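Visitor: Please take me through one part of this model in close detail. I would like to look at a pocket and at what surrounds it.

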Amino acid sequence: MSMASLYRRFLPSPPAIEFASVEGKKIFNEALQKGTMEGFFRLISYFQTQSEPAFCGLASLSMVLNSLSIDPGRKWKGPWRWFDESMLECCEPLQIVKDKGISFGKVVCLAHSSGAKVEAFRTNQSTIDAFRKNVMKCSTSDNCHMISTYHREVFKQTGTGHFSPIGGYNAERDMALILDVARFKYPPHWVPLKLLWDAMDSIDQSTGKRRGFMLISRPHREPGLLYTLSCKDESWNSIAKYLKEDVPRLVSSQDVDTIERILDVVFKSLPSNFNQFIRWMAEIRRVEDVNQNLSSEEKSRLDLKQELLKQVHETQLFKHVDKFLSAVGYEDNQGAQILSGTELDEMCCHETCVKCIKGHGEEKATVVAYPSGNDVFTALLLALPPQTWSGIKDHSLLQEMEQLISLVSLPTLLQQEVLHLRRQLQMLKRCQENKEDEDLSAPA
């Protein structure tokens with residue numbers, strides 16, 4: 001049966017005031033003069049319409065992450081690194097979001113996993129006065145943005161639960177600007193802040209919990225330089241289960257007497273697609289780009305990648321992993337995919353490069369900070385919680401393993417990389433156990 005088509009909806013006014021209306025412009029100008037539209041300009045620069053009717057949470061988050069210039073460390077299309085709804089696949093499969101939408105807790109989970117700094121509150125964990133102060137905080141800065149989840153019915157709009165960023169605030173009128181990501185339905189609009197609070201102070205029937213708001217800001221450093229977790233398909237569930245449940249059981253039940261034996265037990269039972277779960281981000285640049293055309297920020301980023309890779313190689317754990325994987329004949333499939341269709345050049349074309357490649361009929365390119373399967377497995381072992389190994393019966397071997405995976409002995413750059421992976425694992429664990437709506441805080 002075909003469905004009737006719609007071209008937008010009429011915005012009920014009052015209570016909302018359309019942003020582009022005469023009155024809406026007046027409210028904007030008043031707020032601009034008072035300095036409470038600072039966050040608006042970055043948000044509007046990256047404003048996007050949700051690509052699916054149920055993708056409001058994903059569109060709001062990707063818009064905010066891009067406006068904060070958080071580098072996803074993953075390619076979107078072509079050579080471009082850019083947050084897109086399709087990349088926010090952790091915490092909830094995209095098909096489920098498309099069919100059923102997404103909860104407040106899972107959007108918070110996605111924000112944490114993407115490396116942002118997040119403070120999230122349900123209405124029963126805050127007050128309208130605290131909410132007003134937080135709206136003011138984000139409206140007077142371009143380093144903090146707010147996403148609100150609310151019930152449309154309070155605004156006399158059609159639909160139920162919805163997510164959208166808050167674009168600004170008029171303190172004299174006590175009105176907030178909703179940058180509605182469902183632009184095919186309603187335009188951006190001003191609403192009384194008290195009414196927005198009432199719309200948030202409603203129960204999400206899918207979770208039985210109240211809606212709320214989150215403040216998202218940029219972290220002190222990029223969340224992941226070389227490694228990130230990817231949950232693009234359902235395989236992450238089996239890998240997460242293996243890491244969380246099977247590895248501790250295996251190392252406690254097996255007769256392990258050396259580090260190599262531990263690696264053997266863990267690796268041989270590891271799902272074969274583990275390198276689709278923890279990904280590394282290679283940098284492939286044309287020679288002239290590396291030498292001349294990169295900004296100082298990008299050059300600094302490449303230097304950090306190379307330094308991080310060096311730090312991984314210098315760990316004692318990597319030496320054990322490298323020796324073990326060489327002995328079992330492990331092949332680096334990720335590297336093969338990155339370098340497919342290219343030929344390795346014998347000469348190094350830049351003093352800081354790791355490998356130099358040339359494509360068929362193409363100009364030479366430098367592969368900067370090129371990790372391998374050895375690095376990935378090392379990073380994965382370091383990211384596992386320390387209690388993973390507590391079941392090792394041999395006390396001296398347990399002490400040796402604890403020393404190998406200890407963050408205390410790692411350089412600061414590598415510590416931060418490992419902690420980011422650990423936080424991602426903890427967030428995935430929450431989602432797997434359906435606890436993401438119970439605890440909105442950042443992983444310890």
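Guide: The second largest pocket has a volume of about 940 Å³. This comes from a predicted model. Of the 40 residues lining the pocket, Ala54, Lys100, Gly101, Thr160 and Gly161 are the closest to its centre. The lining divides into 13 nonpolar, 14 polar and 13 charged residues.

Now the elements. Those giving two or more residues to the lining are the helices α4 (94–100) and α5 (104–113) and the strands β5 (144–151), β6 (161–170) and β9 (203–204). Strand β6 gives the most, with three residues.

Five bridges join β5 to β11 (residues 212–217), and the two run antiparallel. Across this pairing, Cys144 stands opposite Ser217 in β11.

One further element is helix α11, residues 296–313. At 1.5 Å a residue, its 18 residues should span 26 Å. The end C-alpha atoms are 26 Å apart, which agrees. Its buried residues are Glu298, Arg301, Leu302, Lys305, Gln306, Leu308, Leu309, Gln311 and Val312.

Conventions:
Residues numbered from 1 in each chain as written. Predicted model: local features only at pLDDT ≥ 70, side-chain atom pairs only at ≥ 80, totals over all residues. Heavy atoms only, no water. Helix = DSSP H or I, 4+ residues; strand = E, 2+ residues; numbered from the N terminus. Expected span 1.5 Å × (residues − 1). Buried < 20%, exposed > 50% of the residue type's maximum accessible area, 1.4 Å probe, protein only. 1 Å grid on protein atoms, 1.4 Å probe; cavity = no way out; pocket = protein on both sides within 12 Å on 5 of 7 lines; lining within 4 Å. Points joined across faces, edges and corners; volume = space filled by probe spheres on them. Nonpolar A, V, L, I, M, F, W, Y, C, P; charged D, E, K, R; others polar. Pairing = 2+ DSSP bridges.
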